[in-house]
Amino acid sequence: MDEDTPLLVIVDGANVVGSVPDGWWRDRKGAAERLRDRLANDGLPGRTDPVEIVLVVEGAARGVESVPGVRVDSAPSSGDDRMVELVAEADGRACLVVTADRELRRRVTELGAEVTGPRTVHGPDASR
């Protein structure tokens, strides 16, 4: 793998949005758009190296558009299955999956991805 290839960061949109009780359930698409915009503006907090961010959305959040800095992937069915596919398609490229879902964490680490929790995106103040 080319060492100049940026880290592929795959964000579990439903899991990350759902980790903060801010009323996201009233407008799932709007909550996913706010997460997308924060990722586009802030990148991945604490990282200065280049990253490629993919936000995976599902269900009521489908249809969120990509913006510069964040590619949005609307899962046709299971968001978890789509994230596993993205890691598998990366074919050895360094991947970081942002999720707290234990089963998803197990599945992607079996494929060689690293995992981190939603605080990586939200920061220690998860009330944003």
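## Aromatic pair

Trp 24 is buried, at a relative accessible area of 18%; here buried denotes under 20% relative accessible area, exposed over 50%, and partly exposed the range in between, with a 1.4 Å probe and protein chains only. Trp 25, by contrast, counts as partly exposed at 45% relative accessibility. The model is predicted: local features need pLDDT of at least 70, side-chain atom pairs count only at pLDDT 80 or more, and totals for chains, interfaces and linings use all residues. Residues are numbered from 1 along each chain as its sequence is written, and side-chain values use heavy atoms, with hydrogens and water left out.

A pair of aromatic rings is described by the distance of the centres and the angle of the planes. Rings of Phe, Tyr and Trp (its six-membered ring) pair if their centres lie within 6.5 Å, and planes under 30 degrees apart count as stacked, over 60 as edge-to-face and the rest as tilted. The structure holds 1 aromatic pair. Trp 24 and Trp 25 form this edge-to-face pair, with 5.6 Å from centre to centre and 80° between the planes.

## Strands and their pairing

Helices (H or I, at least four residues) and strands (E, at least two) are DSSP runs numbered from the N terminus. Strand β1 (residues 7-12) is mostly covered, 6 of its 6 residues being buried. Leu 7, Val 9 and Val 11 lie on one side of β1, with Leu 8, Ile 10 and Asp 12 on the other, and all are buried.

Two strands pair if DSSP finds at least two bridges between them. β1 runs parallel to strand β2 (residues 51-57), to which 6 bridges join it; Val 9 has Ile 53 as its bridge partner in β2. β1 is also parallel to strand β4 (residues 95-98), with 4 bridges.

β4 pairs with strand β5 (residues 114-116) in the parallel sense over 3 bridges, and the bridge partner of Val 97 in β5 is Val 115.

## Nonpolar cores

In soluble globular proteins, nonpolar side chains tend to be buried together. A nonpolar core is a set of buried Ala, Val, Leu, Ile, Met, Phe, Trp, Tyr and Cys residues joined through side-chain atoms within 4.5 Å. The largest nonpolar core has 21 residues, and those with the most contacts inside it are Val 9, Val 11, Leu 35, Leu 39, Leu 55 and Val 121. At least two residues of this core come from each of β1, α1 (13-17), α2, β2, β3 and β4. The largest share, 4 residues, comes from α2. A second, separate core of 15 residues includes Val 56, Val 87, Ala 90 and Cys 95.

Contact means heavy atoms within 4.5 Å. Apart from neighbours within four places in sequence, Leu 35 is in contact with Val 11, Gly 13, Val 16, Val 17, Leu 55 and Val 121. Arg 36 is placed in helix α2 (residues 28-42) and is buried, with a relative accessible area of 10%. With neighbours within four places again left aside, Arg 36 is in contact with Leu 55, Val 64, Glu 65, Val 67, Val 70 and Val 72.

## Salt bridges

Side chains of opposite charge can pair when their charged atoms come close. A salt bridge is a side-chain nitrogen of Lys or Arg within 4 Å of a carboxyl oxygen of Asp or Glu, and the count comes to 11 salt bridges. In one of them, the closest N and O atoms of Arg 47 and Asp 49 are 2.9 Å apart. Arg 47 is partly exposed at 37% relative accessibility, as is Asp 49 at 35%.

Arg 71 and Glu 52 meet in a salt bridge of 3.9 Å, N to O. Arg 71 lies in strand β3 (residues 70-74) and Glu 52 in strand β2, so the pair ties together parts that are 19 residues apart in sequence. The network of linked salt bridges comprises Glu 52, Arg 71, Asp 73, Arg 82, Glu 85, Glu 89 and Arg 93. A further salt bridge joins Asp 81 and Arg 107 at 3.0 Å, N to O. This pair links distant parts of the chain, with Asp 81 in helix α3 (residues 79-89) and Arg 107 in helix α4 (residues 102-110), 26 residues apart.
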